[in-house]
Amino acid sequence: MPVEHKPLTSVPAVVLARFWSHFIIAAPNECWEWTSHINTNGYGQIRLTHQGKTEAWIASRLAYYIGYGIDPGPLMTCHKCDNRRCVNWNHLFLGTNSDNVQDCIRKGRYKQPTKCPLSKHARGEQVGTSLVNADTVREIRRRHAAGNITFRQLGEQFGVTLHCIWSIVKRVNWRHI
Ligand SMILES: [Zn+2]
């Protein structure tokens, strides 16, 4: 997919509203199929023409931003389900280089947890799909503070993505603890 750096923090409200009406929400572990425009690369897209100028947003990038509160920026949103129309953020992860990531997946080196508690609205134990609880959050922060460990290593220890670890350590999530 083309790399788009358009900042998502300034997405017009009308685009966000359209996002929510353009896919079918299924079970948390299933693909949420985009039902609107698909671009030439096979990804869901929202196009908005304003004052004669057309802008486009990739649906899966919006999904990642909405689901995790993190703008992918220069990174790519990749689908672990290999379904480019899918906007279930539980199926999305960020990659720096699509070929590399695909290579890792092919070789079985890329380990993705089946569920990620990282959600903008997640407050840990209140969320049914949460893999971590207040104790693990404290333990993750303790191990990180102790040093000599990467986010990825912590993710492997706790069975969550490095982005989950990042959000916990940086207090993007679990701020209440
Ligand atoms: Zn999917």
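Where pLDDT is low, the predicted coordinates should not be read in detail.

This is a predicted model, so local features need pLDDT of at least 70 and side-chain atom pairs count only at pLDDT 80 or more, while totals for chains, interfaces and linings use all residues. Residues are numbered from 1 along each chain as its sequence is written.

Now for the whole chain. Its mean pLDDT is 77, with 76% of residues reaching 70 or more. Confidence is highest in helix H2 (residues 59-68), at a mean of 92, and lowest in helix H3 (residues 98-106), at 57. The protein chain has 6 helices and 4 strands; helices (H or I, at least four residues) and strands (E, at least two) are DSSP runs, numbered from the N terminus. Read from that end, the elements run α-β-β-α-β-β-α-α-α-α. Of the 177 residues, 29% count as buried, meaning that 20 or more other C-beta atoms, placed from the backbone, lie within 10 Å of a residue's own.

S1 (residues 45-50) and S2 (residues 53-58) run antiparallel and are joined by 6 bridges; strands pair if DSSP finds at least two bridges between them. Thr-49 has Thr-54 in S2 as its bridge partner. The hairpin leaves 2 residues between the strands, and Gln-51 takes a positive phi near 50°.

Further along, helix H6 (residues 162-169) meets two other helices. Its axis comes within 10 Å of that of H4 (residues 134-146), crossing at roughly 85°; axes are lines fitted to C-alpha atoms over the stretch in contact, with angles from 0 to 180 degrees between N-to-C directions. H4 and H6 are therefore roughly perpendicular to each other, the term for angles of 65 to 115 degrees. Val-137, Ile-140, Arg-141 and His-144 of H4 make this contact with Ile-165, Ile-168 and Val-169 of H6.

With H5 (residues 151-158), the axis of H6 comes within 8 Å and crosses at roughly 105°, so H5 and H6 are roughly perpendicular too. Here Phe-151, Arg-152, Leu-154 and Gly-155 in H5 meet Leu-162, Cys-164, Ile-165 and Trp-166 in H6.

Key:
pLDDT = per-residue confidence, 0-100. Buried ≥ 20, exposed ≤ 12 C-beta atoms within 10 Å, placed from the backbone. Parallel < 35°, antiparallel > 145°, perpendicular 65-115°, else oblique. Contact = placed C-beta atoms within 7 Å.
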